[in-house]
Amino acid sequence: MSLIDLRSDTVTRPTPAMRRVMAEAEVGDDVFGEDPTVNRLQDMVAEILGMEAALFVASGTMGNQICIHGHTQPGDEIICEAGAHFLHYEAGAIAALSGVQARPLAGQHGVITARQIAEALRGDVYYFPRSRLIALENTHNLAGGVIFPLEEIPPIRQLAKQHGLAMHLDGARLWNACAAAGLAPRDYTQYFDSVSVCFSKGLGAPIGSAIGGSQAFIAKARRIRKMFGGGMRQAGVIAAAAIYGLQHHRERLVEDHAHARRLAEALQGQGGIAIDLTTVQTNIVILNIANTKLTVPAAIAALQQEGVLVSPFGATVLRAVTHLDVDGAAIARAIAIFSKIFS
Ligand code: TLP
């Protein structure tokens, strides 16, 4: 029996139909701006995000880092939630590539408020770092796929405007947030100067992300992308997969969410597993196993032995993520395996 891989939604393999469009994609040299498939993807993304322009990039990390570089100068400070992806999983890039520091704020399930941000803003004193950028994440990965409540964003935007700060959204899983909340991407993106979105997670593409922003910002971003080594050539073969994912795999994300919910409800309380069901809003399940008989390494090994892969996500925490390659039968089997191991 095949392994049920719940380590991440990044593990999906392109479907046969996706591979076909990749094989048949029209291509050109994108550093010359001549790849028609990349150009089509960028136009599509700009339209979907309701932003002036978009740029195809290699990864979510590259998308975030290009945007951060584009908004800041060395010595600036980024206000973000303490569990922001770019603080923990991007190899220290904000310091290494942009020479900036973070002002992490402890959020409630990944959500920070305008009031918290207002209190963290630096005054105009020469020895303070310059507050320059507010970065939010939707859905919030470390918080367990939590949706950033739309109504919290306008007051943050208002504050940013008053103080001349830019706003960036890490929207690696914005598609999930929108599918779950019944909102359009532009309902969120209208409040941001830049947004990064991923095709290689819930949408099932093998590679690729994009950033959206104004014409001027994206022109600047194109230069930074080249500087970071991300200028690609006949990238249409991968852009085609992203187009396919946008067209065919966005609406189905609600299935992943239903699977995550089913898994979480079945496992909560089993053998001491603790899952905060209020955070299971999209495709991520965070399991605290502190009160079970197993440690994280022992649980991962035992689950793997039975055919389920999950990620370590803290000293006593596991993460399970549902995606395109996990169907209802796999969820049922995963529940049975977890029950066997933890009971
Ligand atoms: N997240 C990965 C790991 O890095 C943890 C995962 O398996 O969830 N923003 C967010 C919110 C992300 O979750 C990720 C990837 C990224 C950015 C970076 O994307 P990539 O991996 O394409 O650089």
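Around the ligand there are 15 residues, and Ser8, Thr61, His85, Asp170 and Arg173 come nearest. Here, near means that a heavy atom of the residue lies within 4 Å of the molecule.

A word on the source. This is a predicted model, where local features need pLDDT of at least 70, side-chain atom pairs count only at pLDDT 80 or more, and totals for chains, interfaces and linings use all residues. Residues are numbered from 1 along each chain as its sequence is written, and side-chain values use heavy atoms, with hydrogens and water left out.

Back to the ligand. Which atoms of Gly60 lie 2.8 Å from an oxygen atom of the ligand, backbone or side-chain? It is a backbone N or O atom of Gly60. Arg173 uses its side chain: a polar atom there lies 2.8 Å from a ligand oxygen. The side chain of Arg319 has an N or O atom 2.9 Å from an oxygen of the ligand. The protein covers 83% of the 510 Å² of accessible area that the ligand has on its own. Accessible areas come from the Shrake-Rupley method with a 1.4 Å probe, and for residues only the protein chains shown count as cover. As for polar contacts, they are pairs of N or O atoms within 3.5 Å; within protein, one must be able to donate a hydrogen and the other to accept it, and residues adjacent in sequence count only if both atoms are side-chain atoms.

Stay with Arg173. Its side chain meets that of Asp9 in a salt bridge, 2.8 Å from N to O. Asp9 lies in the loop between strand E1 (4-5) and helix H1 (16-24), and Arg173 in the loop between strand E6 (166-171) and helix H8 (174-181), so the pair ties together parts that are 164 residues apart in sequence. Asp9 and Arg173 are both buried. Buried means under 20% relative accessible area, exposed means over 50%, and partly exposed is in between, with a 1.4 Å probe and protein chains only. Helices (H or I, at least four residues) and strands (E, at least two) are DSSP runs, numbered from the N terminus.

Now salt bridges in general. Side chains of opposite charge can pair when their charged atoms come close. The rule here is a side-chain nitrogen of Lys or Arg within 4 Å of a carboxyl oxygen of Asp or Glu. How many salt bridges does this rule give? The count comes to 13.

Take Arg186 and Glu47, whose side chains meet at 3.9 Å, N to O, in a salt bridge. This pair links distant parts of the chain, with Arg186 in helix H9 (residues 185-189) and Glu47 in helix H2 (residues 36-49), 139 residues apart. Arg186 counts as partly exposed, because its relative accessibility is 40%. Glu47 is exposed, at 54%.

Another pair is Glu265 and Arg261, in a salt bridge at 2.9 Å, N to O. Both lie in helix H12 (residues 253-267), 4 residues apart, about one turn of the helix. Glu265 is partly exposed at 48% relative accessibility. Arg261 is partly exposed too, at 29%. There is also a network of salt bridges, which links Glu77, Arg103 and Arg122.

Helix H12 also holds Leu267. Is Leu267 buried or exposed? Leu267 is buried, because its relative accessible area is 1%.

Next, a sheet. Strands of a sheet pair through backbone hydrogen bonds, either parallel or antiparallel. This one is open, has 3 strands in the order E9-E12-E11, and pairs antiparallel. Strand E9 (284-288) and strand E11 (311-312) are the edges, each pairing on one side only. Two strands pair if DSSP finds at least two bridges between them. E9 and strand E12 (residues 317-321) have 5 bridges, in the antiparallel sense. Val285 stands opposite Ala320 in E12.

Two loops to finish. Asn138 sits in the loop between E5 and helix H7 (153-163). Asn138 is buried, at 1% relative accessible area. Its side chain reaches the backbone nitrogen of Phe148 at 2.9 Å.

Tyr126 is in the loop between helix H6 (114-120) and strand E5 (130-137). Tyr126 is exposed, at 77%. Together with Val125, Tyr127 and Phe128, Tyr126 forms a nonpolar surface patch of about 490 Å² accessible area. Patches take residues with over 30% relative accessible area and no salt bridge, joining like charges within 9 Å and nonpolar side chains (Val, Leu, Ile, Met, Phe, Trp, Tyr) within 5 Å.
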